[in-house]
Amino acid sequence: MTTTLIKNGTIVTGSDIYPADLLIARGCIASITPHGALDDRGAEVIDATDRMVMPGGIDAHTHLDMPFMGTTSSDDFETGTRAAAFGGTTCLIDFVIPQKGKPMREALGQWQAKAEGKAIFDYGFHMCIVEWTEDTQAELDSMVREGITSFKLFTDYPGVFLIDDGAIFRALRWARDHGALIQVHAVNGSATAVLIEEAAALGKLDPVYHGLCRPARLEGESTSRMVDLAEVAEAPVYIVHLTCAEALKAVREGRRRGVRVYAETCPHYLYLNHDDMDRPDFEGAKYICNPPIRPAWHADELWRGLRSGDLQTVATDHCPFNFKGQKEMGRGDFRKIPNGLPGVETRVPLMYKGVVDGRINLSRFVELVSTNPAKLFGLYPRKGAVVVGADADLVLWNPDKVTDLSAECLHMRVDHSIYEGATVQGGVDKVLVRGKVVVDGDQFLGQPGEGRYLRRGPIDPARV
Ligand SMILES: [Zn+2]
(Lines give C-alpha, C1' and ligand atoms only; values in the text may rest on other atoms or scores of the structure.)
Protein backbone atom coordinates (compact mmCIF):
# COMPACT_ATOMS: atom_id res chain seq x y z
CA MET A 1 0.00 0.00 0.00
CA THR A 2 1.43 3.38 -0.98
CA THR A 3 1.14 6.00 1.67
CA THR A 4 1.89 9.68 1.35
CA LEU A 5 3.25 11.88 4.09
CA ILE A 6 2.78 15.63 3.91
CA LYS A 7 5.49 16.99 6.17
CA ASN A 8 6.22 20.29 7.89
CA GLY A 9 3.11 22.13 6.77
CA THR A 10 0.63 24.27 8.65
CA ILE A 11 -2.89 22.86 8.70
CA VAL A 12 -5.54 25.51 8.14
CA THR A 13 -9.17 24.55 8.62
CA GLY A 14 -12.40 26.42 9.18
CA SER A 15 -11.70 26.36 12.89
CA ASP A 16 -7.99 25.81 13.55
CA ILE A 17 -4.48 26.68 12.41
CA TYR A 18 -1.67 24.42 13.69
CA PRO A 19 1.55 22.75 12.55
CA ALA A 20 1.16 19.05 11.75
CA ASP A 21 2.11 16.23 9.43
CA LEU A 22 -0.56 14.31 7.54
CA LEU A 23 -0.36 10.67 6.59
CA ILE A 24 -2.54 9.62 3.67
CA ALA A 25 -3.51 6.02 2.98
CA ARG A 26 -6.11 4.64 0.55
CA GLY A 27 -7.05 8.14 -0.53
CA CYS A 28 -8.01 9.24 2.97
CA ILE A 29 -6.33 11.07 5.81
CA ALA A 30 -4.99 8.29 8.04
CA SER A 31 -3.33 10.30 10.78
CA ILE A 32 -2.51 13.81 11.86
CA THR A 33 0.56 14.10 14.04
CA PRO A 34 3.01 16.70 15.34
CA HIS A 35 5.85 17.54 12.96
CA GLY A 36 8.41 14.73 12.82
CA ALA A 37 6.45 12.29 14.97
CA LEU A 38 5.89 9.79 12.19
CA ASP A 39 8.43 7.48 10.66
CA ASP A 40 8.38 8.33 6.96
CA ARG A 41 10.03 5.14 5.71
CA GLY A 42 8.13 3.69 2.79
CA ALA A 43 5.94 6.74 2.37
CA GLU A 44 6.04 9.12 -0.52
CA VAL A 45 7.04 12.39 1.12
CA ILE A 46 5.76 15.83 0.18
CA ASP A 47 7.53 18.68 1.91
CA ALA A 48 5.08 21.41 2.87
CA THR A 49 7.50 23.75 4.62
CA ASP A 50 6.09 27.30 4.44
CA ARG A 51 2.88 25.96 2.95
CA MET A 52 -0.62 26.01 4.31
CA VAL A 53 -2.38 22.66 4.02
CA MET A 54 -6.12 23.20 3.65
CA PRO A 55 -9.12 21.14 2.60
CA GLY A 56 -9.66 21.49 -1.16
CA GLY A 57 -12.13 24.09 -2.29
CA ILE A 58 -15.74 23.06 -2.88
CA ASP A 59 -17.64 25.01 -5.50
CA ALA A 60 -21.33 24.47 -4.83
CA HIS A 61 -22.60 26.32 -7.92
CA THR A 62 -21.39 25.49 -11.43
CA HIS A 63 -22.88 25.04 -14.89
CA LEU A 64 -20.58 22.85 -16.95
CA ASP A 65 -21.54 21.84 -20.48
CA MET A 66 -24.93 23.52 -20.01
CA PRO A 67 -27.22 24.34 -22.92
CA PHE A 68 -28.48 27.88 -22.37
CA MET A 69 -29.73 30.78 -24.51
CA GLY A 70 -29.10 29.00 -27.79
CA THR A 71 -25.57 27.89 -26.99
CA THR A 72 -23.64 25.78 -24.45
CA SER A 73 -21.33 26.89 -21.63
CA SER A 74 -17.79 26.49 -22.92
CA ASP A 75 -16.25 24.33 -20.17
CA ASP A 76 -17.22 20.69 -19.92
CA PHE A 77 -16.63 18.40 -16.96
CA GLU A 78 -13.07 17.68 -18.04
CA THR A 79 -11.86 21.20 -18.81
CA GLY A 80 -13.92 22.66 -15.97
CA THR A 81 -12.70 20.33 -13.22
CA ARG A 82 -9.13 20.55 -14.50
CA ALA A 83 -9.21 24.37 -14.39
CA ALA A 84 -10.88 24.25 -10.99
CA ALA A 85 -8.07 22.05 -9.65
CA PHE A 86 -5.46 24.54 -10.87
CA GLY A 87 -7.32 27.09 -8.77
CA GLY A 88 -7.44 24.97 -5.60
CA THR A 89 -10.91 23.45 -5.95
CA THR A 90 -11.29 19.68 -5.64
CA CYS A 91 -15.04 19.14 -5.65
CA LEU A 92 -18.02 20.80 -7.27
CA ILE A 93 -21.77 20.54 -7.36
CA ASP A 94 -23.36 21.20 -10.74
CA PHE A 95 -27.01 21.92 -11.52
CA VAL A 96 -29.14 19.41 -13.41
CA ILE A 97 -31.86 21.26 -15.30
CA PRO A 98 -34.80 19.17 -16.51
CA GLN A 99 -37.01 20.33 -19.36
CA LYS A 100 -40.64 21.00 -18.61
CA GLY A 101 -42.73 17.90 -19.26
CA LYS A 102 -39.71 15.60 -18.97
CA PRO A 103 -38.80 13.57 -15.90
CA MET A 104 -35.99 14.61 -13.57
CA ARG A 105 -34.48 11.15 -13.94
CA GLU A 106 -33.94 11.70 -17.66
CA ALA A 107 -32.13 14.98 -17.02
CA LEU A 108 -30.05 13.35 -14.28
CA GLY A 109 -29.00 10.68 -16.79
CA GLN A 110 -27.93 13.37 -19.24
CA TRP A 111 -25.83 15.16 -16.64
CA GLN A 112 -24.29 11.91 -15.43
CA ALA A 113 -23.28 11.18 -19.01
CA LYS A 114 -21.69 14.64 -19.30
CA ALA A 115 -19.59 14.03 -16.17
CA GLU A 116 -18.67 10.35 -16.36
CA GLY A 117 -15.24 9.66 -17.78
CA LYS A 118 -14.46 13.36 -17.74
CA ALA A 119 -14.44 14.80 -14.24
CA ILE A 120 -10.99 14.75 -12.66
CA PHE A 121 -12.36 15.04 -9.11
CA ASP A 122 -15.57 14.15 -7.27
CA TYR A 123 -18.79 15.94 -8.10
CA GLY A 124 -22.37 16.06 -6.97
CA PHE A 125 -25.57 17.37 -8.48
CA HIS A 126 -28.33 19.71 -7.41
CA MET A 127 -31.66 19.24 -9.20
CA CYS A 128 -33.72 22.15 -10.51
CA ILE A 129 -37.50 22.13 -10.07
CA VAL A 130 -38.96 23.92 -13.10
CA GLU A 131 -42.59 22.83 -12.68
CA TRP A 132 -44.79 21.28 -10.00
CA THR A 133 -46.99 18.44 -11.21
CA GLU A 134 -48.73 15.52 -9.52
CA ASP A 135 -45.55 13.48 -10.11
CA THR A 136 -43.11 15.97 -8.62
CA GLN A 137 -43.17 14.75 -5.04
CA ALA A 138 -42.46 11.15 -6.06
CA GLU A 139 -39.67 12.39 -8.31
CA LEU A 140 -38.10 14.31 -5.44
CA ASP A 141 -38.26 11.18 -3.26
CA SER A 142 -36.47 9.23 -5.97
CA MET A 143 -33.83 11.95 -6.37
CA VAL A 144 -33.03 11.68 -2.66
CA ARG A 145 -32.44 7.97 -3.21
CA GLU A 146 -30.01 8.95 -5.99
CA GLY A 147 -28.05 11.12 -3.55
CA ILE A 148 -29.48 14.47 -4.52
CA THR A 149 -30.60 16.41 -1.45
CA SER A 150 -30.67 20.00 -2.72
CA PHE A 151 -33.14 21.47 -5.18
CA LYS A 152 -33.19 24.85 -6.88
CA LEU A 153 -36.21 26.90 -7.89
CA PHE A 154 -36.39 30.20 -9.75
CA THR A 155 -38.49 33.32 -9.28
CA ASP A 156 -36.81 34.53 -12.48
CA TYR A 157 -36.84 33.60 -16.21
CA PRO A 158 -40.61 33.85 -16.78
CA GLY A 159 -41.90 31.26 -19.24
CA VAL A 160 -38.73 29.18 -18.82
CA PHE A 161 -37.78 28.38 -15.22
CA LEU A 162 -40.02 30.68 -13.19
CA ILE A 163 -42.25 28.83 -10.75
CA ASP A 164 -44.99 30.29 -8.56
CA ASP A 165 -44.87 30.81 -4.81
CA GLY A 166 -47.29 27.94 -4.20
CA ALA A 167 -44.87 25.49 -5.78
CA ILE A 168 -41.96 27.00 -3.87
CA PHE A 169 -43.94 26.64 -0.65
CA ARG A 170 -44.78 23.00 -1.43
CA ALA A 171 -41.11 22.33 -2.15
CA LEU A 172 -40.09 23.93 1.17
CA ARG A 173 -42.61 21.80 3.05
CA TRP A 174 -41.43 18.64 1.34
CA ALA A 175 -37.77 19.52 1.99
CA ARG A 176 -38.44 20.18 5.67
CA ASP A 177 -39.66 16.61 6.09
CA HIS A 178 -36.98 14.94 3.95
CA GLY A 179 -33.65 16.42 5.09
CA ALA A 180 -33.35 18.34 1.84
CA LEU A 181 -32.41 21.96 1.18
CA ILE A 182 -34.30 24.28 -1.15
CA GLN A 183 -32.18 26.77 -3.07
CA VAL A 184 -33.72 29.80 -4.71
CA HIS A 185 -32.58 32.06 -7.52
CA ALA A 186 -34.42 35.02 -6.05
CA VAL A 187 -34.99 37.89 -8.46
CA ASN A 188 -38.46 39.13 -9.36
CA GLY A 189 -38.31 38.10 -13.00
CA SER A 190 -41.93 39.02 -13.69
CA ALA A 191 -41.11 42.66 -12.96
CA THR A 192 -37.69 42.71 -14.62
CA ALA A 193 -39.36 41.34 -17.77
CA VAL A 194 -41.44 44.52 -17.98
CA LEU A 195 -38.39 46.76 -17.54
CA ILE A 196 -36.56 44.78 -20.22
CA GLU A 197 -39.51 45.14 -22.59
CA GLU A 198 -39.68 48.91 -21.97
CA ALA A 199 -35.95 49.39 -22.52
CA ALA A 200 -36.04 47.39 -25.75
CA ALA A 201 -38.98 49.42 -27.04
CA LEU A 202 -36.87 52.56 -26.57
CA GLY A 203 -33.94 51.00 -28.41
CA LYS A 204 -31.86 50.73 -25.24
CA LEU A 205 -30.07 47.55 -26.19
CA ASP A 206 -26.47 48.02 -25.08
CA PRO A 207 -25.10 45.51 -22.54
CA VAL A 208 -25.39 47.94 -19.63
CA TYR A 209 -29.21 47.81 -19.89
CA HIS A 210 -29.04 44.18 -18.86
CA GLY A 211 -28.04 45.52 -15.45
CA LEU A 212 -30.25 48.61 -15.41
CA CYS A 213 -33.35 46.50 -16.07
CA ARG A 214 -32.62 44.30 -13.05
CA PRO A 215 -32.58 46.68 -10.09
CA ALA A 216 -31.21 45.44 -6.79
CA ARG A 217 -34.55 46.20 -5.10
CA LEU A 218 -36.21 43.43 -7.14
CA GLU A 219 -33.62 40.97 -5.87
CA GLY A 220 -34.22 42.26 -2.35
CA GLU A 221 -37.98 41.91 -2.77
CA SER A 222 -37.78 38.34 -4.00
CA THR A 223 -35.21 37.32 -1.37
CA SER A 224 -37.33 38.81 1.38
CA ARG A 225 -40.37 36.89 0.12
CA MET A 226 -38.38 33.62 0.07
CA VAL A 227 -37.23 34.19 3.64
CA ASP A 228 -40.84 34.77 4.70
CA LEU A 229 -42.04 31.64 2.88
CA ALA A 230 -39.31 29.58 4.55
CA GLU A 231 -40.27 30.99 7.93
CA VAL A 232 -43.91 30.01 7.54
CA ALA A 233 -42.98 26.63 6.02
CA GLU A 234 -40.59 26.06 8.98
CA ALA A 235 -38.00 24.95 6.45
CA PRO A 236 -34.43 26.00 5.72
CA VAL A 237 -33.76 27.92 2.52
CA TYR A 238 -30.54 28.76 0.67
CA ILE A 239 -30.29 31.86 -1.52
CA VAL A 240 -27.93 31.35 -4.46
CA HIS A 241 -25.70 34.12 -5.86
CA LEU A 242 -26.77 36.97 -3.59
CA THR A 243 -25.45 40.26 -5.01
CA CYS A 244 -26.77 43.26 -3.14
CA ALA A 245 -27.37 45.06 0.14
CA GLU A 246 -31.17 44.78 -0.19
CA ALA A 247 -31.09 40.98 -0.42
CA LEU A 248 -28.48 40.73 2.33
CA LYS A 249 -30.74 42.80 4.60
CA ALA A 250 -33.58 40.32 4.04
CA VAL A 251 -31.27 37.41 4.91
CA ARG A 252 -29.88 39.16 7.98
CA GLU A 253 -33.32 40.05 9.30
CA GLY A 254 -34.55 36.51 8.70
CA ARG A 255 -31.62 35.03 10.59
CA ARG A 256 -32.23 37.43 13.49
CA ARG A 257 -35.81 36.12 13.67
CA GLY A 258 -34.45 32.58 13.74
CA VAL A 259 -35.29 31.64 10.17
CA ARG A 260 -32.86 29.05 8.84
CA VAL A 261 -31.84 31.10 5.83
CA TYR A 262 -28.41 30.66 4.25
CA ALA A 263 -26.86 32.53 1.36
CA GLU A 264 -23.97 32.39 -1.04
CA THR A 265 -22.29 35.14 -2.99
CA CYS A 266 -19.75 34.95 -5.83
CA PRO A 267 -16.34 36.61 -6.30
CA HIS A 268 -17.53 38.63 -9.30
CA TYR A 269 -20.00 40.45 -7.04
CA LEU A 270 -17.12 41.25 -4.68
CA TYR A 271 -14.55 42.43 -7.20
CA LEU A 272 -16.33 43.75 -10.31
CA ASN A 273 -18.88 46.51 -10.55
CA HIS A 274 -21.78 47.80 -12.62
CA ASP A 275 -19.51 50.01 -14.76
CA ASP A 276 -17.84 46.91 -16.23
CA MET A 277 -21.03 46.29 -18.23
CA ASP A 278 -20.56 49.72 -19.79
CA ARG A 279 -17.11 48.99 -21.28
CA PRO A 280 -16.74 50.16 -24.89
CA ASP A 281 -16.63 47.99 -28.03
CA PHE A 282 -19.17 45.52 -26.67
CA GLU A 283 -16.57 44.41 -24.07
CA GLY A 284 -19.34 44.94 -21.51
CA ALA A 285 -20.87 41.66 -22.74
CA LYS A 286 -18.10 39.76 -20.97
CA TYR A 287 -19.58 40.95 -17.67
CA ILE A 288 -23.20 39.96 -18.32
CA CYS A 289 -24.54 37.52 -15.79
CA ASN A 290 -27.79 37.17 -13.91
CA PRO A 291 -28.30 38.64 -11.35
CA PRO A 292 -26.09 41.45 -12.65
CA ILE A 293 -22.97 42.95 -11.12
CA ARG A 294 -23.96 45.86 -8.87
CA PRO A 295 -22.52 49.31 -8.16
CA ALA A 296 -19.35 49.02 -6.08
CA TRP A 297 -20.80 49.96 -2.67
CA HIS A 298 -22.76 46.69 -2.57
CA ALA A 299 -19.50 44.75 -2.49
CA ASP A 300 -18.52 46.37 0.82
CA GLU A 301 -21.85 45.24 2.24
CA LEU A 302 -21.26 41.70 0.97
CA TRP A 303 -17.84 41.58 2.63
CA ARG A 304 -19.48 42.69 5.84
CA GLY A 305 -21.96 39.84 5.43
CA LEU A 306 -19.15 37.33 4.84
CA ARG A 307 -17.45 38.53 8.02
CA SER A 308 -20.53 38.64 10.20
CA GLY A 309 -21.74 35.19 9.14
CA ASP A 310 -24.92 36.36 7.38
CA LEU A 311 -23.36 34.99 4.17
CA GLN A 312 -22.00 31.48 4.63
CA THR A 313 -20.53 30.39 1.30
CA VAL A 314 -18.78 31.69 -1.80
CA ALA A 315 -19.46 29.79 -5.01
CA THR A 316 -18.85 30.79 -8.62
CA ASP A 317 -21.97 30.25 -10.75
CA HIS A 318 -19.26 29.27 -13.27
CA CYS A 319 -20.96 29.45 -16.66
CA PRO A 320 -18.40 30.63 -19.21
CA PHE A 321 -19.12 31.72 -22.76
CA ASN A 322 -16.50 32.75 -25.28
CA PHE A 323 -16.56 36.35 -26.39
CA LYS A 324 -16.14 35.25 -30.00
CA GLY A 325 -19.17 33.43 -31.29
CA GLN A 326 -21.06 33.26 -27.99
CA LYS A 327 -21.20 36.61 -26.14
CA GLU A 328 -21.22 38.17 -29.61
CA MET A 329 -24.62 36.64 -30.27
CA GLY A 330 -25.98 39.61 -28.34
CA ARG A 331 -24.30 42.37 -30.33
CA GLY A 332 -26.98 45.02 -30.80
CA ASP A 333 -29.38 43.35 -28.32
CA PHE A 334 -28.39 42.67 -24.72
CA ARG A 335 -31.28 40.20 -24.42
CA LYS A 336 -29.33 37.77 -26.60
CA ILE A 337 -26.04 37.89 -24.70
CA PRO A 338 -25.60 34.50 -23.00
CA ASN A 339 -25.72 35.17 -19.26
CA GLY A 340 -22.74 33.80 -17.39
CA LEU A 341 -19.12 34.28 -16.35
CA PRO A 342 -16.05 32.09 -15.93
CA GLY A 343 -14.94 31.72 -12.32
CA VAL A 344 -14.26 28.17 -11.20
CA GLU A 345 -10.47 28.63 -11.29
CA THR A 346 -10.22 32.10 -9.74
CA ARG A 347 -12.56 31.70 -6.73
CA VAL A 348 -10.08 30.46 -4.12
CA PRO A 349 -7.29 32.94 -5.06
CA LEU A 350 -9.78 35.83 -5.04
CA MET A 351 -11.14 34.84 -1.64
CA TYR A 352 -7.59 34.53 -0.31
CA LYS A 353 -7.15 38.14 -1.45
CA GLY A 354 -9.82 38.89 1.16
CA VAL A 355 -7.36 37.58 3.77
CA VAL A 356 -4.46 39.59 2.30
CA ASP A 357 -6.64 42.72 2.27
CA GLY A 358 -7.66 42.16 5.90
CA ARG A 359 -11.36 41.62 5.12
CA ILE A 360 -11.63 38.06 6.48
CA ASN A 361 -9.30 35.86 8.51
CA LEU A 362 -7.65 32.66 7.35
CA SER A 363 -10.09 30.25 8.98
CA ARG A 364 -13.07 32.19 7.67
CA PHE A 365 -11.55 31.94 4.18
CA VAL A 366 -11.40 28.13 4.47
CA GLU A 367 -14.92 28.02 5.89
CA LEU A 368 -16.34 30.07 3.02
CA VAL A 369 -14.63 28.21 0.18
CA SER A 370 -14.71 24.66 1.55
CA THR A 371 -16.08 23.77 4.98
CA ASN A 372 -19.42 25.56 4.84
CA PRO A 373 -20.41 24.31 1.37
CA ALA A 374 -19.55 20.79 2.58
CA LYS A 375 -21.72 21.22 5.66
CA LEU A 376 -24.63 22.80 3.82
CA PHE A 377 -24.75 20.21 1.06
CA GLY A 378 -24.33 16.96 2.97
CA LEU A 379 -20.65 16.32 2.24
CA TYR A 380 -19.13 17.05 5.64
CA PRO A 381 -16.78 15.74 7.05
CA ARG A 382 -15.88 13.51 4.12
CA LYS A 383 -15.11 16.75 2.27
CA GLY A 384 -14.29 20.21 3.58
CA ALA A 385 -12.38 18.99 6.62
CA VAL A 386 -8.89 17.92 7.62
CA VAL A 387 -9.77 15.05 9.96
CA VAL A 388 -8.83 11.38 10.12
CA GLY A 389 -11.02 9.47 7.69
CA ALA A 390 -11.80 12.42 5.41
CA ASP A 391 -11.02 12.18 1.70
CA ALA A 392 -7.48 13.47 1.13
CA ASP A 393 -8.64 16.31 -1.12
CA LEU A 394 -6.04 18.85 -0.10
CA VAL A 395 -4.47 22.06 -1.28
CA LEU A 396 -0.92 23.10 -0.45
CA TRP A 397 -1.21 26.86 -0.57
CA ASN A 398 1.78 29.10 -1.09
CA PRO A 399 1.16 32.52 0.51
CA ASP A 400 4.24 33.94 -1.25
CA LYS A 401 3.21 33.03 -4.77
CA VAL A 402 1.68 35.63 -7.07
CA THR A 403 -1.23 34.39 -9.18
CA ASP A 404 -1.87 36.08 -12.51
CA LEU A 405 -5.56 36.15 -13.43
CA SER A 406 -5.02 36.93 -17.13
CA ALA A 407 -6.55 34.57 -19.68
CA GLU A 408 -3.20 33.22 -20.88
CA CYS A 409 -2.29 32.14 -17.34
CA LEU A 410 -5.60 30.39 -16.62
CA HIS A 411 -6.92 27.01 -17.74
CA MET A 412 -10.66 27.56 -18.21
CA ARG A 413 -11.84 26.92 -21.77
CA VAL A 414 -12.87 30.47 -22.55
CA ASP A 415 -11.23 33.13 -24.70
CA HIS A 416 -11.00 35.91 -22.14
CA SER A 417 -10.58 36.70 -18.45
CA ILE A 418 -12.89 39.01 -16.51
CA TYR A 419 -9.81 39.94 -14.42
CA GLU A 420 -7.41 40.46 -17.33
CA GLY A 421 -4.13 41.98 -16.15
CA ALA A 422 -4.86 41.52 -12.44
CA THR A 423 -2.61 39.62 -10.06
CA VAL A 424 -3.30 38.42 -6.52
CA GLN A 425 -1.02 37.45 -3.68
CA GLY A 426 -1.01 33.72 -2.83
CA GLY A 427 -1.62 30.70 -4.98
CA VAL A 428 -1.76 26.97 -5.40
CA ASP A 429 1.44 24.98 -5.01
CA LYS A 430 0.08 21.41 -5.10
CA VAL A 431 -3.38 19.88 -5.19
CA LEU A 432 -4.24 16.37 -4.09
CA VAL A 433 -7.41 14.54 -4.99
CA ARG A 434 -8.09 11.48 -2.84
CA GLY A 435 -4.40 11.41 -1.97
CA LYS A 436 -3.04 11.73 -5.50
CA VAL A 437 -1.21 14.83 -6.69
CA VAL A 438 -3.20 16.26 -9.61
CA VAL A 439 -1.62 19.69 -9.80
CA ASP A 440 2.06 20.35 -9.11
CA GLY A 441 2.94 23.94 -9.94
CA ASP A 442 2.19 24.38 -13.65
CA GLN A 443 1.91 20.66 -14.24
CA PHE A 444 -1.34 18.76 -14.49
CA LEU A 445 -1.10 15.15 -13.33
CA GLY A 446 -4.77 14.26 -12.99
CA GLN A 447 -6.87 11.86 -15.01
CA PRO A 448 -10.23 12.47 -16.66
CA GLY A 449 -12.71 10.00 -15.23
CA GLU A 450 -11.03 9.76 -11.82
CA GLY A 451 -13.79 11.84 -10.28
CA ARG A 452 -16.71 9.95 -8.80
CA TYR A 453 -20.31 10.89 -8.40
CA LEU A 454 -21.04 11.87 -4.80
CA ARG A 455 -24.24 10.53 -3.32
CA ARG A 456 -25.07 13.15 -0.78
CA GLY A 457 -26.88 12.47 2.44
CA PRO A 458 -29.55 14.37 4.33
CA ILE A 459 -28.71 18.00 4.94
CA ASP A 460 -28.44 19.44 8.42
CA PRO A 461 -28.06 23.15 7.83
CA ALA A 462 -28.18 23.92 11.54
CA ARG A 463 -24.43 23.18 11.55
CA VAL A 464 -23.62 26.44 9.78
ZN1 LIG B 1 -26.36 29.48 -11.68
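Is His63 buried or exposed, and what is its relative accessible area?

A: Happy to walk you through it. This is a predicted model, where local features need pLDDT of at least 70, side-chain atom pairs count only at pLDDT 80 or more, and totals for chains, interfaces and linings use all residues. Residues are numbered from 1 along each chain as its sequence is written, and side-chain values use heavy atoms, with hydrogens and water left out.

His63 is buried, with a relative accessible area of 7%. Here buried means under 20% relative accessible area, exposed over 50%, and partly exposed in between, using a 1.4 Å probe and protein chains only. His61 is buried too, at 0%.

Now for the rest of the protein. Of its 464 residues, 62% count as buried. The largest nonpolar core has 118 residues, and Met54, Phe125, Phe151 and Met351 are among those with the most contacts inside it. Such a core is a set of buried Ala, Val, Leu, Ile, Met, Phe, Trp, Tyr and Cys residues joined through side-chain atoms within 4.5 Å. Leaving aside neighbours within four places in sequence, Met351 is in contact (heavy atoms within 4.5 Å) with residues including Leu270, Trp303 and Phe365. Apart from this core lies another, of 15 residues, including Ile29 and Val386.

Aromatic rings are worth a look as well: the structure holds 17 aromatic pairs. Rings of Phe, Tyr and Trp (its six-membered ring) pair if their centres lie within 6.5 Å, with planes under 30 degrees apart counted as stacked, over 60 as edge-to-face and the rest as tilted. Phe86 and Phe444 make a tilted pair, 6.0 Å centre to centre with 35° between the planes. This pair links distant parts of the chain, 358 residues apart, with Phe86 in helix α1 (residues 77-86) and Phe444 in strand β19 (residues 443-444). Helices (H or I, at least four residues) and strands (E, at least two) are DSSP runs, numbered from the N terminus. Phe86 is buried at 10%, whereas Phe444 is partly exposed at 22%.
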